[in-house]
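Here is a short briefing to read alongside the structure. Please keep the sequence at hand as you go through the points.

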Amino acid sequence: MGSSSDDEGEEYLFKIVIIGDSAVGKSNLLSRYARNEFNMHSKATIGVEFQTQSLEIDGKEVKAQIWDTAGQERFRAVTSAYYRGAFGALVVYDISRRSTFESIPRWLDELKTHSDTTVAKMLVGNKCDLENIRDVSVEEGKILAESEGLFFMETSALDSTNVKKAFEIVIREIYNNVSRKVL
Ligand code: GDP
């Protein structure tokens, strides 16, 4: 991170991480937001990946570099390097699988342990299209988010519900809070 010498074409770049149990839909949330794509089958690829997405705020270009664990969490092997420098986080569970909701406190602890700055956090209940097999109520999500000081939203990477909104709320919050200049 550095600062540009002239004020024209000011740009901001923020790192955002997506965390949560395996198969909650992290990769698909990112591919839906960055490329408007969805995959029914999980990829087997292991390794960290990120996508960069731009948003205009106050006439400035704000770029979010959004990281996906791409399977590392299966081995409980999300490293401190993954979290380093993150200004925002989407902490995701699957509304049709209660165990993934019960893991949220552990993910929040891990985020807290590894983050080196204030992190704008959104609790995301993904797969809200699966209403018929819902296992976690909207109210439970709201209560947890309130008690932990997180934004909250239910999303569907499958039908696009709230995906853009969830990412953009986090990006705007980071911009409002910290806005670090980059070249
Ligand atoms: P990750 O392991 O957390 O990155 O999860 P993936 O993005 O690989 O998704 C795991 C599985 O859930 C895949 O079969 C996806 O097609 C499916 N999935 C992801 N998001 C949604 C969603 O919003 N609705 C439904 N019904 N399925 C989803």
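Just past the end of helix H1, asparagine 36 adopts a positive phi of about 55 degrees. H1 spans residues 26-35, and 8 of its 10 residues are buried, so the rest of the structure largely encloses it.

**Helix H1 and its surroundings**
- The buried residues of H1 are Lys26, Ser27, Asn28, Leu29, Leu30, Ser31, Arg32 and Tyr33.
- These buried residues pack against strands E1 (11-20), E2 (49-57), E3 (60-68), E4 (86-94) and E5 (120-126), and also against H6.

**How H1 meets H6**
- H1 and helix H6 (residues 163-177) pack at an angle of about 85 degrees, and their axes lie 9 Å apart.
- Because of that angle, H1 counts as roughly perpendicular to H6.
- On the H1 side, the contact uses Leu29, Arg32 and Tyr33, while H6 brings Val163, Lys164 and Phe167.
- Sorted by class, this contact of H1 with H6 holds 4 nonpolar and 2 charged residues, with no polar ones.

**Around the ligand**
- The shell around the ligand has 18 residues, of which Gly25, Lys26, Ser27, Asn28 and Leu158 come nearest.
- H1 supplies the largest share of this shell, with 3 residues.
- By class, the shell around the ligand divides into 9 polar, 6 nonpolar and 3 charged residues.

**The chain as a whole**
- The protein chain contains 6 helices and 7 strands.
- Read from the N terminus, its elements follow the order β-α-β-β-α-β-α-α-β-α-β-α-β.
- Of the 183 residues in the protein chain, 39% are buried.
- Among contacts in the protein chain with a separation of 6 or more, 73% join residues 24 or more positions apart.

- The mean pLDDT of the protein chain is 88, with 86% of its residues at 70 or more.
- For the model, ipTM is 0.99 and pTM is 0.90.
- Over residues 1-6, pLDDT stays under 50, and the model gives this stretch 8 contacts beyond four places in sequence.
- Where pLDDT is low, the predicted coordinates should not be read in detail.

How values were computed: Residues numbered from 1 in each chain as written. Predicted model: local features only at pLDDT ≥ 70, side-chain atom pairs only at ≥ 80, totals over all residues. Near = placed C-beta within 6 Å. Helix = DSSP H or I, 4+ residues; strand = E, 2+ residues; numbered from the N terminus. Nonpolar A, V, L, I, M, F, W, Y, C, P; charged D, E, K, R; others polar. Axes fitted to C-alpha atoms, helices over the stretch in contact; angles between N-to-C directions. Parallel < 35°, antiparallel > 145°, perpendicular 65-115°, else oblique. Contact = placed C-beta atoms within 7 Å. Buried ≥ 20, exposed ≤ 12 C-beta atoms within 10 Å, placed from the backbone. pLDDT = per-residue confidence, 0-100.
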